[in-house]
Each structure stands twice: as C-alpha cells, then as structure tokens.
Amino acid sequence: MSDFSEELIRPTTEDEQGEPCVRSGSGMCFPWLQKHIESIASGGKQEKDFAQTTSACLNFIQEALLKHQWQRAAEYMHSYLQVLEDTDSNKRQGAPEIVWRLGSEILYYHPKSSVETFNTFADRMKNIGITNYLKISLQHALYLLHHGLLEDANRILTQAETWRYGEKSSSQEVLVNLIQAYKGLLQYYSWYKKKMELSKLDKDDYAYNTASQNMLNHSWKTSINLCTLIQIPGVWDPFVKSYIEMLEFYGDQDGAREVLNNYAYDEKFPSNPNAHVYLYNFLKREKAPREKLISVLKILYQIVPSHKLMLEFHRLLRKSDKEEHHKLGLEVLFGILDFAGCTKNITAWKYLAKYLKQTLMGSHLAWVQEEWNSRKSWWPSFHFSYFWAKSNWKDDKTLACEKALVAGLLLGKGCKYFRYISKQDHQVLKKKMKQMKKSVKKYSIVNSGL
Amino acid sequence: MSCLSFAESGAESQPDVRTPKPFPIIKASHSETTSVCSGSLDGVEYSLRKEKGVMKMSVPRTLAFCYLSLLWQRETITLSDLLRFVEEEHIPYIHAFQHFPEEMKLYGRDKGIFAIESWPNYEVIFKKIIEVATFLDLPRFPDITENCYLHPNILCMKYLMEVNLPDEMHNVTCLVVKSTGIGEVDFLRFDPIAKKAKTVKYDVQAVAVIVVALKLLFLLDDNLEWSLSNIAKKYNEKNKEDKPWFDFRKWYQVMKKAIDEKKQKWEEARAKFLWKGEKPLYYSAIDRPVVYKRREMVVSLQKQFSTLVDSAPNVEKKKPSSFQFNWTEEDSERPCFHGHSLQGVLQQKGQSLTTKNSLYWLSTQKFCKSHCKHVTTYEESNFSLSYQFILNLFSFLLRIKTSFLHEEVSLIEKRLFKAKYNKTNKKSSRSRKTRKY
C-alpha cells in the first residue's frame, strides 16, 4: 500500500479545473462580508430563522394560490398566521393586511369554505389593530354582494359607517365615503325595485301612496350617501348613473345637470369618456339645443375618436348650419375609420361614401385633401388592399360597394379595390355599381391631377 | 447507534438560571413595580452585566454543554446529529421553556434569554463548545481510539453507507486518514487546557475525507468521472453475473433524485414550523393581556384554517435516527451501491492497486493567513459541477454551509499534499506579502 500513498503525493502537473478563487483574475470573495452586507437592511441584525421560514412560507402560499391549489395554500396559511405574533413590531403591523388578502382569497375559492367561515374570518381580521377595519369591512361587503346577500352586505356597511376610532387619515376618509356610496347603491337598488312595483300599481290603488312615500324615503337616504362621494375626484360611474336616474325621476333636472357638468368638466376629476356620454344622453333626454349637444360631443371626440356615439355626432354636424361643423363632420368620419375595430362598420362607410360625394360636389376639395394627406400613405393597405377586396365582397357585398366608392373617389378608378369590385357581377347591385362608376369618374380627386 | 437514551434525558438538562454570583441580589421584591422586570429573580441583572471573564449561560450554550458531555462519554452521536435532532424537535430548544413547571413564570428580560428565533448553527455552537470548555476549566478529554464512533475511520464508514457509496471506498478513506495523520489519538483528543484549545469537527472532517477520496478516484472535473462511468456501464452490461462495477453516473442519478426529494420536504417542513408555543412570552404586566389576546386570536384563526385542510393521515413523528437515508439490497426502486466494486477505477501496478486516475486538483491553492476568520473561500462558479454536487450533498446531510465543508476539504488536502504546498510556499513567498485582505 505504500506505493499507493506515494502515488498520491506525486506532484500534479497543474490545477485542472479547480481554480482557487483567491486568484486575482477571477476577483476576490469574502464570505464574512456577504453576511454583513445582508444585515445592513435590518440595521445590523442577522436575519433570524423565524423571518426566513415565514418568508419561505409566504412564497409557498403565493405559489399555491397561483396554481389554484387551495388545499395546500390553507396548510401553509395555518403556519403563516404566526406572523401576527412577530416580535419585530414593523413586520407585525403589516401582517394583518397580508394575512387578510391571502386568507380571503383562499376562503373565497376553497371548496370547503362557506359564507359563515368567511364572515368569521373577516370579523376577526377587522378587529386586529385599527387601521384595517374600514378596508376589510368594505371588502367583506363586496364579497357578500358577490354572493347575492344584499341584507348582510347592508348590515356590514352600516356597521362600518358608524365606526369611529382614532384619527382618520385621508385614505380612511375615502374609504368611509366609499362605504357610504355602496350603501347608497344598495338603497338605490331597493328604490329601483320599489319603482318597478309601483309602475304595476294603479294610481288610485290604496297602496300607491304608501309605496311612493316609501320610495321617497329610500331616495332621500340614497342621495345623502351618494352625493358626498361624487364630490371627490374619481371615477364613480355606477354611482353617478344611479343618482342621476333618481334625480330625473323626481324631476330635479337642475340637480342632475349640475352633477353631470361637475363630473364631466371639473378639472380635478380624471378624464372619463363615460362622464361625457352620461351628460350627452341627459341633454338629449332634455331635448337640449343642437349647439349644446355638439359642444358636449366635441370633447368626447377629442378623447375617444372611435366612440360609437361618433356616428351620431356626425349626423348632428351634418345637420348644422355652420360650415365649420360640416368640415368637422368629415374629420369625424375619417377619424372613426382610422381604427381597426371600425373597419367593417357599414354605417360609417355609407356615411363616408355619401358625405365624400357631397363634399366634393360642394367643391370643398381642400377639406378632402387635408384629411387624405395624412392618410394616403397607410389607408390603401389598411382598407383597400386586394385581400380586403376579396374578403369584403365575400362577407358583405353592400359594405364592399360602399368601400369601393370611397376607394374610387380617393384613389381613382385604377386602384385595386375599385377595380376588383367593379368587375364583380351581381344582379341586385348592378344598378348601384353603375352609379358608383359614374360618381368616381366624375368626382375622384385623382382626376384633378393632384 | 441508538441515541434514544439521550433524547429522553435532554429534557432534564435545563439551564440553571441562578449561576453563582459574587454579590447579593437586591431588587427581587420590587421587580414587578419597575417597568423593566423579569419573571425570574435576577433576570434583569443577568441580562445586563457583561463582566470580563464571566460567561453567562444561555440556551445555545446549554446545547454546547450537552455536546461536551456527549463528547466526554464518547457517545455515538456527532454535533451535526445533535443539531439536526434539535431542528426535528426531538430535543427541546425553541420551546424549551414551555416545559418549565407552572410556578416558573417567565416574562420581561427572561424573554431575551428564552425566546429563540433561530435554530442552532454548527459554526456558532462549535465556537461555544470551546468557550464553555475553556471557561469551565475542563481537563483533557478521554482519548478517541480506533474503535470509537467518532474516529474518522468509523465515521467515514457511516457516511459512506448513508450516501450509498461502495463499501470498498472505505479502504481509500482509511488510506487518506493514515496519510494525513488525522486518525492519531493526539490529534483527535479534545484538550481545553492546551494553550490554543481547538477541537476537531469529527463529522465534517470525515465527510471531507470522503470528498477527497472521491476526487482521488474520479477526479471530479466534469469529464473523467463520466468516462469512467461509460466504461463501468459497458462492463456491467456484458458481465451481469459478476459483482457490478460502481457506475458514477448511475449513482449520481439515484442520489440526486433522493437528495432533491429530501431537500424539498425539508424546506416545506421548515416553512411550516410553528415558532410560537402555547405560552406566549411578554415584556411587562401591561403587555400581558395584549400578548395573550393575540395568541388567542392566532389559535382561533389557525383552527379555522385547519378545518379546511383534509385531515391527512397524521404522519407519525419519526423517531430520531442517525441515518437520514437507508439503502438496502432488496429495493429495486432505489438501487443500493454498497456491494459494488471499485475495480473499474483501480488498476494493478506491480504488487499494489492504484487509481486509474493519476491527476488531482487542489480545492485551495493558497491559504489565507490574514486576520479574517476563514482560511479559504468558496466561489461556486470556479469549481466543476460534480464537485458542487458532492459538496451540496454532504452539506445538506450535515446541515452546514458548503463553504464550511470546502474549507475542511482544503485543510485535509493541505495535510495530504504537504510536500506540494511547501514547494509552492517557497516559490511564492514574495508575492504573498503583497496580497492584502
């Protein structure tokens, strides 16, 4: 065996793979330094195993939630709950919110969980510390709404409304307002139901008065709850809609108008196209003058040029007396068709075809050119390619014809689309096609040699 | 290798809080009125005073003390086993105070002593062992001879069995032990009185010897071990009747799977560990109701979630065992390599056998001599994947850091290749001075 040991001590030729890390080329590493660096964030203290295992536990819960393994998530949750007793007070303060979020997710989806379990859990979590009461109450109420338990949700919201403890920060204020608003929404819902019932009753019916009085009470409560929230900048579509409906029912047009104007035009509120839609619909119901309607929709046009109300806007503009409105009308049509979602909108194309002809007949070539200049580089392949010609003709021949007319007017009779469509033979549309060819021949902007 | 007797006696070795004091206790009766107080009579002073030369007992030091008694008796249990039993809750440590009698109320300063939020770490406990032994002025420990469990030859055999390596490797490890002189009685004995008390990390050292043996046989350069496997595989296919040649690749696949499974289970069990016991510890009388209410809340929430979990067949708590892996010949699912032969990697050379592999690479080329605590460092990316796998395997088994094991491996190699190191020392003595850490 001595030979063997001699073999071992025989000098090696060179270090094969094991490059020791102290060689300067590959950089130096200090194991003790790593530990110190890691402890900087915790103020010089080493991370305890408690912190390490609870954060590993959290990772397991998150993984289980992502994979919808509710059973597994519940198992780890059982252990994770000990963070509520963390000796580190910073971590302990943030723990209830994390536990609530994870726990409520699990209880929402777990097959063995029920509304009672959720209720117990929510009630317990609400009362840990004071910062989470409102938030959890609101989420609890939404959960109950989700399950159709309106009375229970109302009860939770009422409890939360009357909660007074400690100073309210600004974020808490918003929560209180939200809670009141949801309560208002629930009351609106019961008002609405009563309205339905009332409409079935006869005016002379003895129950009518009580019913309508009842309704009035509800509406009064609703308005109190909703109006505070609506004053705060934010997006409150469902609340606003319900509120307006109620106001209109009781004939408070001024009140409704004020709310809607505020909602749409107050600069503090985030830009919300729905606000303008609500205002517009209200004014339409009121039969406001055309000028007013146009001014409202103009703003909507600037925000959402592809909105479905734009066609209505175009019609309004067309009917107007002012020339600038007519020009805008053309702009709006082109604007709508810029969007991929509207490429098959037959009304839009119909309008455009008709309006183009009208505009060109009215010698407003400059308007058309202005619109077309920015589009002539991409509209041909976007709308009028050979592929579109075939596909449009196959799906909807009327659409194809309208598009063909527009194509012909803008690109001349030599363009692919127009040529393809005009070659197609069709009994019903024969007459239309003939008209189309005539118009193109007469009015196409290409003809004027520009 | 039964340690059941120890596991039971663990509960009795509670720390005696009242260590001998040179001055009388004054504030005992007024401790409840002050805001800083403790349930024990002298908890406040105990945690404050830090006199030089006075070492205060703590829960980790208690564990170190237990190990000293085991070492004195040369019990068949290593430090890593002991720490693993603590983690597996066979030995009370985290929840030790929960077992105190009712009359012993703990609060205030006691919390700092008894509320443990980390498992005992090998390196830390190891230092404490030396500290406690030195402080207690313990005499020279009994010799550790060749038939002691803690002797490297025996420990190597144990670990070879545990990681499913062939019994024949034992010859190689014995050779390494002999060549490095780490099996000598003088080397192994723990002597706290000696000028610079040091003790041997019996388990880490044994495992390091196995790593060196593997490097000798297989080189572990991500190349040779696989070529040798191919040869072994071919031989085994042709000669199904003979004793099979050890196939490194097959062993790797089996061990990787086994270790990955174990590691996953270990991580999951750790993540689920409940640190807080039934009796909460609180700071003062004002704190008490809050802390108790919190505990109540957590317990009720836990009950809620445990009802959602399918009452799984309650896995019985396993009895403490030295072995984390068990390999038997009969199991076809998990092949056992104990009986395999190393013929494929050894060759005849005259009268004796030698390894087919004639190369070796050192884990550390130069040792650090500055004041930093480590003699070498471990940067994973500098080493072959096989080496990394082997280190990870054994580090997990012993629950130590890979750098810790790597250091021990380097130290074994330093002894083994003394001649080579002396040569390089002479050459580069100049360049050593310029290197600063």
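Visitor: What is the relative accessible area of Arg257(A)?
Guide: This is a predicted model: local features need pLDDT of at least 70, side-chain atom pairs count only at pLDDT 80 or more, totals for chains, interfaces and linings use all residues, and side-chain values use heavy atoms, leaving out hydrogens and water. Residues are numbered from 1 along each chain as its sequence is written, while chains are lettered from A and ligands numbered from 1 in the order in which they are written. Buried means under 20% relative accessible area, exposed over 50%, and partly exposed in between, with a 1.4 Å probe and protein chains only. Arg257(A) counts as partly exposed because its relative accessible area is 27%.

Visitor: Which side chain meets Arg257(A) in a salt bridge?
Guide: A salt bridge here is a side-chain nitrogen of Lys or Arg within 4 Å of a carboxyl oxygen of Asp or Glu. For Arg257(A), the N to O distance is 2.5 Å, and the partner is Glu286(A).

Visitor: How many residues apart are Glu286(A) and Arg257(A)?
Guide: Glu286(A) sits in helix H13 (residues 273-286) of chain A and Arg257(A) in helix H12 (residues 253-265) of chain A. Helices (H or I, at least four residues) and strands (E, at least two) are DSSP runs, numbered from the N terminus. The pair links distant parts of the chain, and the separation is 29 residues.

Visitor: How many residues apart in sequence are the parts that Asp338(A) and Arg375(A) tie together?
Guide: Their side chains meet in a salt bridge with an N to O distance of 2.8 Å. Asp338(A) lies in the loop between helix H16 (323-337) and helix H17 (346-361) of chain A, and Arg375(A) in the loop between helix H18 (365-373) and helix H19 (379-383) of chain A, so the parts tied together are apart by 37 residues.

Visitor: In the pair of Arg189(B) and Asp186(B), what is the N to O value?
Guide: Arg189(B) is buried, with a relative accessible area of 13%, whereas Asp186(B) is exposed at 60%. Their side chains meet in a salt bridge with an N to O distance of 2.7 Å.

Visitor: How many salt bridges does the structure hold over all chains?
Guide: Some of them form a network, which links Glu97(A), Arg101(A) and Lys135(A). Over all chains, the number of salt bridges is 33.

Visitor: How far apart are the end C-alpha atoms of helix H21 (residues 397-411) of chain A?
Guide: The expected span of a helix is 1.5 Å times one less than its number of residues. H21(A) has 15 residues and should therefore span 21 Å, which agrees with the end C-alpha distance of 20 Å.

Visitor: How many residues of H21(A) are buried?
Guide: H21(A) is mostly covered. Among its buried residues are Leu399(A), Glu402(A), Lys403(A) and Leu410(A). Out of 15 residues in H21(A), the number buried is 12.

Visitor: Which residue in the turn of the S1(B) and S2(B) hairpin has a positive phi?
Guide: Two strands pair if DSSP finds at least two bridges between them. Strand S1 (residues 346-349) and strand S2 (residues 352-355) of chain B pair in the antiparallel sense over four bridges, and one of the bridge pairs is Gln347(B) with Thr354(B). Two residues separate the strands of the hairpin, and the turn residue with a positive phi, about 70°, is Gly350(B).
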